[in-house]
Amino acid sequence: MSAPKNFQLVHQLSRRIRIVSPLLKNDQERCYILEIILKKRPEIKVVRSVAALGSVVVEFNPAGLPKKNLLILLDAVLGNIGQAKVDQHQQAHKVFDGPVQEIDLAVEGMSCASCALLIEMVLKRDDRVKQVNVNFGTSTLTVHGQLGRDDVAKKVSELGYQVFATDTLSQRKKLIERESERIGKARQRFVWSAILSFPVVAVGMTMPTSRWLHWLQFVLTTPVVFGSGWTFFAKAWRLLKQRTANMDSLIALGVGAAYGYSLPSLFRRKGHIYFEAAAAIITFVLLGRFLEERAKGKAGEAIRKLVDLQPATATLIRDGQESIIDVDAIVVDDELLVRPGEKIPTDGVVIQGVSTVDEAMVTGESLPVVKDVGHKVLGGCVNGNGVLRIRATAVGMDTVLAGIVHMVDQAQSTKLPIQKQVDKISAVFVPAVMLVSASTMVGWLVVGAPFGFAFGSAITVLLIACPCALGLATPAAIMVGAGHAAKEGIYIRNGESLETAAKLNVIVFDKTGTITEGKPKVSDLLKISRLGEEKIIMLAASAEHNSEHFLGKAIVEHARDLDIALKPTTHFYSETGSGITAEVDGKKLIIGNKGWLIDQGIKVEGLLSAAGKFAEQGKTPVF
């Protein structure tokens, strides 16, 4: 065997070798690609690389792969990898003296992780761009730089993708509706492709010699390739004009080659027909795209639930007249009316009225909070049993709810350190696969294999080496993790926090009242009356039966759990945020907080010590 051209063998044992290659030195991407390609061989057990030295250790099974053949394989693979040029766009020379703005857009049309890498690569070439993050899982992009939104949209559109603004929650709702339509179209394309492809594949498996069966395959395959599969060719052509490639390029090349090779054989009435391969490839890829779109939709469920918290309309009060307006039409200082049970349309301050507001989705507090004149309210929270007039203080993306949505977006879009390495691999993986495919075909032809066999082997390499799973795995994991956390009311600020959380063994919380089920229950009863406990519970529950307060409902529920029958109530009066008065069974009852009883002239000094102990335990005393 002649000396290898692309590496030096520095150590060898019967089942392990170590090589050093100048092609790998200080090039982590090529080291990763070599590892991925070598690990596809079952005879190779372990591959370890050190980019700083250009060193690779390979542990293998000599019974299945002799050392001589392994060295030939390494030389060939390193030669192909060495020919792949990686566009390492350096940003060290970029200087940003002025303000840097953040631009967020939704991107439609990305079919795999390589699409996201392509958009990132093109945008990073602009000297006005400081940082770019394109997330395939969430179909969003974030650009930090000194260029405008229109400039970003133009650059992305030139690559064949559509962009949409995400400035308001209403715009987010429209994008969610488009997502549902996109999933439906993906399903429709797959179903039609499967219906047409099934007979083609079935006929192909019988190895037909009848020409009319070949023509049947041609007739059924053509709409699959140029109908359902046309998007692959369109994107591949756009990418070719940009002198780049992705997964669509591999599919278009493989399907186009199989279909194009079959046409001359069909018309000459001799040679192999590969129509079933072209149809099957399109169908299986479309199935994968449909399942992928559906998985992305489920992973983004947390965002949809947050967006749905904002009502679509609001009641505007202007010159004493009420009118229903779209929530996007609200401007700062508008006066809005919020009726009982309605969602607060935007952040504001109360200018009239008293009510309780459920702010659990923002603060985590399980109990509604009393809101009076001068108190701040948050958009998306649910108003209680009072009527509020508020003055808008923030609208659009400046609201707290929009900030939470943006934070979850960022958490789902964050690239972990491991994902950044994967992106580098994927960026050079496609051109490397093309070179390996071409080398496979040439190699088989050189050793005398039939053209059909060599061609089939080359197509197999193209289609099997798909980097989509490589690029989608980590973003999908982040989306699912952040999504499940958001369902439980836990909002993760960034992906690094999620990665760190896996290593936590102790969590310290600063507020005991926040960590509850959100359903108050009666836990203790301290009485100084001569009445029995059951009698006191009956009186209190009967009085609270007419109350809408969450603590009053807990008292009623406690009585029902004890099978205590309630009695009719008369002279019921409720003071929002304080308490109630009522008459039950001939007795006048005053129930509420400490201040309410003091206002009614009731002495509570003897209960304050016990009430303080209950409060220290995170419990809410009701007098």
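**Entry 1: the whole chain**

I began with the surface: the accessible area of the protein chain comes to about 32400 Å², and 56% of this belongs to carbon and sulfur atoms. I remind myself that this is a predicted model. Next I looked up burial, and found that buried residues make up 43% of the 623 residues in the chain. For secondary structure I noted 20 helices and 20 strands. I also checked contacts between residues at least 6 apart in sequence: 66% of these join residues at least 24 apart.

I turned to strand E5, which spans residues 101-108. How many of its eight residues are buried? I found six, so I wrote the strand down as mostly covered, with buried meaning under 20% relative accessible area.

Then I looked for the strands that pair with E5. Strand E7, residues 140-145, pairs with E5 in the antiparallel sense over six bridges. In this pairing I picked out glutamine 101, whose bridge partner in E7 is glycine 145. Strand E8, residues 162-165, also runs antiparallel to E5, and four bridges join the two. Here I noted alanine 106, which stands opposite phenylalanine 164 of E8.

**Entry 2: glutamine 217**

My next stop was helix H6, residues 211-228, where glutamine 217 has its place. Is glutamine 217 buried or exposed? I put it down as buried, because its relative accessibility is 2% and the cut-off for buried is under 20%.

I then followed its side chain. It reaches the backbone oxygen of valine 200 at 3.2 Å. A polar contact of 3.5 Å also joins the side chain of glutamine 217 to that of glutamate 276. Leaving out residues up to four places away in sequence, I listed what glutamine 217 touches: Val200, Val203, Gly204, Pro208, Ile273, Phe275 and Glu276.

**Entry 3: histidine 571**

Last, I went to strand E18, residues 569-575, to find histidine 571. Why do I call histidine 571 exposed? Its relative accessible area is 62%, and exposed means over 50%.

I looked up its neighbours too. Histidine 571 touches Thr581, Ala582 and Glu583, again not counting residues up to four places away in sequence.

Notes. Residues numbered from 1 in each chain as written. Predicted model: local features only at pLDDT ≥ 70, side-chain atom pairs only at ≥ 80, totals over all residues. Heavy atoms only, no water. Buried < 20%, exposed > 50% of the residue type's maximum accessible area, 1.4 Å probe, protein only. Pairing = 2+ DSSP bridges. Contact = heavy atoms within 4.5 Å. Areas by Shrake-Rupley, 256 points an atom, 1.4 Å probe, with all protein chains shown as cover. Polar contact = N/O pair within 3.5 Å; in protein donor to acceptor, adjacent residues only side chain to side chain.
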